Amino acid sequence: FQGIFVLGLPYALLHSGYTGLFLIILSAALCCYTGKILIACLYEENEDGQLVRVRDTYEDIANACCKKLSPKLGGIVVDVTQVMELIMTCILYLVVSGNLLSHSFTYVPVSEKTWSVIAFVTLLPCVFIKTLKIVSKLSQLCSLVHFIIILVVMTYCLTQIHQWSWAKFRLSVEFEDFLVSVGVIIFSYTSQIFLPTLEGNMKNPGEFRCMLNWTHFFACVLKTTFALTAFLTWGEETKEVITDNLPSFLQTIVNLCLLTKALLSYPLPFFAATEIVYACISRSNCSNYRSPLFCLGVRGLFLLLTLLMAMFIPHFALLMGLTGSVTGAAMTFLLPSLFHLKLKWKKIPFIEKCADISVFILGFLCSLAGIVCSIKGLLEVFR
């Protein structure tokens, strides 16, 4: 929940004002709710009325919902959406790496795109990652670096508390900028992809709902505190990546820490995306899908794809807003509520049906509007 994309939340507040604070809280509540109903779809009652886990993955839930149309249609839709989100996450890591390097070494006459290529070169060893064990060690280092970064930024903001003013918050906001902010906030909470695996590996799955409540509560508190203190410190001067606002003596150090975090974070979504592709190919009975050369080829193509996208769309907030509006909203709001209604319609109370329908409609409207506004913003930038 507290990934590198938290750095975009102060910028989201700049364009959403007081409404942005409400959205951070509302998104936490809605994401917590959809996480619970998604896990509920993994279970069915047996003859004795006891809940039994009959499905293991997000794909299994989707296939169960779409089995009358096509046994594998739901799984294909979920797989494509998951891969899109994971690849977009990898692209964002490259974009932010180029941004951080360009702001850290301003005296070097190199463009931001060139810096992204340099960052990409350091990620080439990812093609040789075969197990999650290596990824987990990198993620541990990533978490440590992240806490250091947040601590430094928050400490500096608190030293500037004498400059804070609530007048910096907007009462009225531009509708299109606000919708891009919605995508940024949603994307910072997305975790539904990992929840079925997480719940299945818990020592006591009965504590899942309690765990989800507390993690979303603390994530909401931390996000709100960080975004609020950073925005109150810089106001209208708040930049897409908040560390760009730091004074030069801190900016270089923090940016290099962020660069380290971004590069250490890249292998996890990259590994997850390639594993989904391998699983899809294995189901198609392709005999070469586990050959070393084939694996290297798939990973190499994925790496190249993320680089090309990062080169063509080097805008952190707009890209994050688009990703949150497309895949984030689908995986977090649309699909969980739709699947829950489909599988549990006869068993859930009326109020829960209304909640699911409301979440679906809200997610659809936010997704549609966010897609239009993010694409429009990107087109204006390219012009």
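Author: A quick definition to get going: a crossing is right-handed if the near helix is turned clockwise from the far one by less than a right angle, and left-handed if anticlockwise. In this predicted model, α2 passes α3 in a right-handed crossing.

Reader: Why is α5 described as roughly antiparallel to α9?

Author: Helix α5 (residues 132–159) packs against helix α9 (residues 248–265) at an angle of about 150 degrees, and their axes are 9 Å apart. The cut-off for roughly antiparallel is over 145, so that name applies to α5 and α9. Their crossing is left-handed.

Reader: What does the contact of α5 with α9 look like by class?

Author: On the α5 side you'll find L138, V145 and I149 among others, and they meet a set in α9 that includes V254, L258 and K261. The count is 12 nonpolar, three polar and one charged.

Reader: Then what makes α3 oblique to α11?

Author: Helix α3 (residues 73–104) and helix α11 (residues 292–312) pack at about 60 degrees, with axes 9 Å apart. Roughly parallel stops under 35 and roughly perpendicular starts at 65; the angle falls between them, so α3 is oblique to α11. The crossing here is right-handed.

Reader: How many charged residues does the contact of α3 with α11 have?

Author: None, alongside 11 nonpolar and one polar. V83, I87, C90, I91, L94 and V95 of α3 meet F302, L305, T306, L307, M309 and A310 of α11.

Reader: Switching to pockets, what is the volume of the second largest pocket, and which residues are closest to its centre?

Author: The volume is about 360 Å³. Of its 17 lining residues, A40, Y43, L51, R209 and K344 are the closest to the centre. Elements giving at least two residues each to the lining include α1 (9–40), β1 (43–45), α8 (208–234) and α12 (316–344). By class, the lining divides into seven nonpolar, two polar and eight charged residues.

Note on methods:
Residues are numbered from 1 along each chain as its sequence is written. This is a predicted model: local features need pLDDT of at least 70, side-chain atom pairs count only at pLDDT 80 or more; totals for chains, interfaces and linings use all residues. Side-chain values use heavy atoms; hydrogens and water are left out. Axes are lines fitted to C-alpha atoms, for helices over the stretch in contact, and angles run from 0 to 180 degrees between N-to-C directions. Helices (H or I, at least four residues) and strands (E, at least two) are DSSP runs, numbered from the N terminus. Angles under 35 degrees count as roughly parallel, over 145 as roughly antiparallel, 65 to 115 as roughly perpendicular and the rest as oblique. Contact means heavy atoms within 4.5 Å. Ala, Val, Leu, Ile, Met, Phe, Trp, Tyr, Cys and Pro count as nonpolar, Asp, Glu, Lys and Arg as charged, and the others, Gly among them, as polar. On a 1 Å grid over the protein atoms alone, a cavity is a set of points where a 1.4 Å probe fits but cannot get out, and a pocket is an open set with protein on both sides within 12 Å along at least five of seven lines; lining residues have an atom within 4 Å of a point. Grid points are joined across faces, edges and corners, and a volume is the space filled by probe spheres set on the points.
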